[in-house]
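Please look over the sequence and the model before reading on.

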Amino acid sequence: MSGPKVLVAGVGNIFLGDDGFGVETVRRLAAHPVPDGVEVVDVGVRGVDLAYRLLDGYRTAVLVDATCRGGAPGTVYLIEAAAEPLEAPLLDGHRMGPDAVLGLLATLAAGTGGEPPGRVLVVGCEPASLEEGIGLSAPVAAAVEEAVQVVLRVVDEAAQPEKETTPC
């Protein structure tokens with residue numbers, strides 16, 4: 001692939017409080033230089049767009065999103081995601097979160113000939129509230145800069161050239 005090797009995608013709905021975490025994190029990430037080969041995008045709630053972007057041959061994809069894992073609000077997680085097929089894949093542009101997108105990758109790749117990323121990571125943050133309203137809660141807003149730093153570390157590592165191996 002001659003284009004970007006790493007996709008960083010901010011995911012979430014800014015009208016549902018802390019669900020806007022991913023969107024705000026990639027907005028702030030725009031103020032930082034990223035290595036060549038890294039593409040940073042705000043996909044918001046456009047799950048179908050994200051699904052097809054993930055088939056563009058990226059080596060690594062980093063999804064940034066609010067992630068409920070039972071920790072204290074504002075806890076930042078780095079999660080290795082697994083793309084496992086869903087039992088009944090549904091293409092619903094209004095309710096297609098990252099889990100559904102990842103679950104559909106194999107099916108979409110088979111249908112389009114696209115190539116999913118070799119590795120998918122999620123930089124997530126435990127939300128305090130996903131109720132209607134614009135703006136992040138205090139603990140989640142405070143975690144955005146930490147998440148930016150985690151993403152920068154991940155993309156620095158992922159953007160490194162692949163090491164060539166020579167047979168003995």
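A residue is called buried when its relative accessible area is under 20%, exposed when over 50%, and partly exposed in between, using a 1.4 Å probe and protein chains only. By that definition, 44% of the 168 residues in the protein chain are buried. This is a predicted model, in which local features need pLDDT of at least 70 and side-chain atom pairs count only at pLDDT 80 or more, while totals for chains, interfaces and linings use all residues. Residues are numbered from 1 along each chain as its sequence is written, and side-chain values use heavy atoms, with hydrogens and water left out.

**Overall fold**

- The protein chain has four helices and five strands, where helices (H or I, at least four residues) and strands (E, at least two) are DSSP runs numbered from the N terminus.
- Along the sequence, these elements follow the order β-α-β-α-β-β-α-β-α.
- Of the contacts (heavy atoms within 4.5 Å) between residues at least 6 apart in sequence, 80% join residues at least 24 apart.

- The buried residues are Phe21, Gly22, Val23, Glu24, Thr25, Val26 and Leu29.
- They pack against β1, β2 (38-44), β3, β5 and α4.
- Val23, in helix α1, counts as buried because its relative accessibility is 13%.
- Not counting residues up to four places away in sequence, Val23 touches Gly10, Val11, Gly12, Ile14, Asp42 and Gly44.
- Val23 and Asn13 are 10 residues apart along the chain, and their C-alpha atoms are separated by 7.9 Å.

**Crossing of α1 and α4**

- The axes of α1 (residues 21-29) and α4 (residues 138-158) come within 9 Å and cross at roughly 60°.
- Axes here are lines fitted to C-alpha atoms, for helices over the stretch in contact, and angles run from 0 to 180 degrees between N-to-C directions.
- The two helices are therefore oblique to each other; angles under 35 degrees count as roughly parallel, over 145 as roughly antiparallel, 65 to 115 as roughly perpendicular, and the rest as oblique.
- On the α1 side, the contact uses Phe21, Glu24, Thr25, Arg28 and Leu29; their partners in α4 include Val140, Val144, Val148, Val151 and Leu152.
- The residues of this contact divide into 10 nonpolar, one polar and three charged.
- In that count, Ala, Val, Leu, Ile, Met, Phe, Trp, Tyr, Cys and Pro are nonpolar, Asp, Glu, Lys and Arg are charged, and the others, Gly among them, are polar.

**Nonpolar cores**

- A nonpolar core is a set of buried Ala, Val, Leu, Ile, Met, Phe, Trp, Tyr and Cys residues joined through side-chain atoms within 4.5 Å.
- The largest such core has 24 residues, and those with the most contacts inside it are Val6, Val8, Phe21, Val64, Val123 and Val151.
- At least two residues of this core come from each of β1 (6-11), α1, β3 (60-66), β5 (119-125) and α4.
- Helix α4 gives the most to this core, with 11 residues.
- A second, separate core of 14 residues includes Leu7, Leu50, Leu54 and Leu63.
- Val151 touches Val8, Leu29, Val64 and Val123, not counting residues up to four places away in sequence.

**Asp19**

- Asp19 lies in the loop between β1 and α1 and counts as buried because its relative accessibility is 18%.
- Asp19 and Asp65 are 46 residues apart in sequence, with a C-alpha to C-alpha distance of 7.1 Å.
- Not counting residues up to four places away in sequence, Asp19 touches Val11, Gly12, Asn13, Asp65, Ala66 and Leu130.
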